Amino acid sequence: MSTNQTVAYQCPCCGAGLGFDPEKQKFACEFCLSEFDEAELTNAGAAEAAEKQRADGEAYCEQMNLFTCPNCGAEVVADDNTAADFCYYCHNPVIHSGRLSGQLQPHKVIPFRIPREEAEKMFLAWCKKKWFLPRDFKSQAHAAQIKGVYYPFWVTDADAFGSTDFKATRVHTWRAGDYKYTNTKVYKLERAGDIHFEDIVTCALSDADKKMLEGVLPSPSEELADFSMPYLSGFFAKKRDIERDALSEEVRERMHGYTAALLRSTVRESYTTVTPETINVNIKESHWEYALLPIWILTYTHKNGKVYTFAINASTGKIYGELPVSPGKLAILMGAVAVPATALLSLIGGALF
C-alpha cells in the first residue's frame with residue numbers, strides 16, 4: 001500500500017520555503033534573501049526528494065495536487081508550495097480533487113524568464129491604445145490576476161530519409177508579327193537525402209487552449225532544461241490530455257511539409273514553376289520528450305458569457321490576445337457617427353425638395 005508524500009523546498013540557510021524567481025533564474029528565499037541556482041539547491045540537499053523524482057514518475061505524481069474547476073472543468077496541477085484559490089479561466093473557486101495519477105512526469109522544462117511584474121506591465125501597455133475595451137478589463141486589478149502556467153507539449157527529434165519528385169516548367173514567350181507564341185518545357189526533378197528533424201514542438205492539449213498556444217509559439221529549444229520539481233514552485237501546470245501515439249500522424253505530416261520545403265531549396269536552376277508531386281519520409285529513428293513551456297495567462301469573462309484570453313510566452317515575450325468590446329463605448333461611437341450622417345441626409349433632403 002503506497003502513501004502520499006509531499007515535498008517542501010526549504011532554504012538551506014533558514015529553513016523557509018523557496019520559490020523560483022524568473023527574472024534572476026534562481027530559487028530565492030523571501031525571508032533571509034538567499035539565492036540558489038538549481039545545482040546549488042541540489043548539492044545543498046534542499047531538493048533531495050526532487051532529485052529522486054527525476055527517475056521516478058510515480059513519485060512526481062504523488063507530490064502534485066490536482067485542482068478541478070466545477071464550473072468550466074479546467075484541470076491544473078500544482079505542488080504544495082503553490083496555492084490554488086480560483087480558476088484562472090473563469091475565476092470561480094477551484095476544488096482540490098486529490099493527487100495527480102498516472103505517469104505524467106515531464107522530461108524537459110523551459111523555466112519562466114519574464115517575472116510577474118513585467119508581465120502585468122506588458123498587458124497594460126498592450127491595452128493602452130485599444131479604445132473600446134471594457135474599463136475593468138484594462139484595470140490594474142485585472143492585470144494583477146495574471147497567472148503563471150506551464151503548458152504541456154511533446155518535443156520530437158527524428159532521423160529520416162526523405163525524397164520528393166517535383167514537376168518543373170520553364171516558359172518562354174515571344175511575338176512574331178501579330179502572333180504571340182509560348183513554349184513550355186516540362187521537367188521532372190528528383191531530390192532525396194538524409195534529414196535530421198530537431199525539436200518539433202506539438203501541443204499536448206486537445207481543448208481551446210491549442211489556438212492560444214500556437215499564437216505564442218515558438219519557444220527557443222536551446223532553453224530546454226532537464227526537468228526538476230523546484231521549477232514548478234509558485235506556478236501551475238496544465239495537465240496534458242494527448243499522448244504521443246495520438247500525435248504521430250500530425251507530426252508525420254509536419255515532417256512531410258518540412259521535407260518538401262528543404263528539398264525544394266536545393267533546386268538551384270531558374271524554373272517558372274516548381275511543384276512537388278510525391279513526398280516520401282521514411283523515419284528511421286525518433287525520440288519523444290514531454291516538456292513544459294511557460295505562459296503568463298489572463299482571462300476575462302464578458303457580460304455575454306464569452307471568455308477572452310490574453311497570454312504571454314514567458315520565455316520570448318510573444319503575445320496572444322483576444323479583445324472584448326465595451327457595448328457602451330461602441331454605442332457612443334455609433335452615436336457620434338450617426339449624428340453627422342443624419343445631418344448630411346437632412347441637407348441632401350432640403351436640397352432635393
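1. P218 sits in the loop that joins α6 (209-216) to β10 (225-226). Helices (H or I, at least four residues) and strands (E, at least two) are DSSP runs, numbered from the N terminus. The peptide bond from L217 to P218 is cis, with omega near 5°.

2. This is a predicted model: local features need pLDDT of at least 70, side-chain atom pairs count only at pLDDT 80 or more, and totals for chains, interfaces and linings use all residues. Residues are numbered from 1 along each chain as its sequence is written, and side-chain values use heavy atoms, with hydrogens and water left out.

3. D199 is in strand β9. Its phi is near 55°, a positive value in a residue other than glycine. Most residues other than glycine have a negative phi, and most peptide bonds are trans.

4. The largest nonpolar core has 50 residues. Such a core is a set of buried Ala, Val, Leu, Ile, Met, Phe, Trp, Tyr and Cys residues joined through side-chain atoms within 4.5 Å. Buried means under 20% relative accessible area, exposed over 50%, partly exposed in between (1.4 Å probe, protein chains only). Y60, L100, F123, Y150, L232 and W296 have the most contacts inside this core. Elements that give two or more residues to it include α3 (57-62), α4 (116-127), β8 (147-176) and β12 (273-301). The top contributor is β12, with seven residues.

5. A second, separate core has 26 residues, among them C69, C87, L293 and A311.

6. For C69, the nearest cysteine sulfur is that of C90, 3.4 Å away. C69 counts as buried because its relative accessibility is 2%. C203 is also buried, at 6%.

7. The 12 residues of α4 should span 16 Å at 1.5 Å a residue. The expected span is 1.5 Å times one less than the number of residues. The end C-alpha atoms of α4 are 17 Å apart, which agrees.

8. Which residues of α4 are buried? They are A119, E120, M122, F123, W126 and C127. They cover an arc of only 160° around the axis, so they lie on the same side of α4. The arc is that of the directions from the helix axis to the C-beta atoms. On the other side, E117, K121 and A125 are exposed.

9. The buried residues of α4 pack against α5 (140-143), β12, β13 and β14 (319-321). Contact here means heavy atoms within 4.5 Å.

Conventions: Disulfide = S-S within 2.5 Å.
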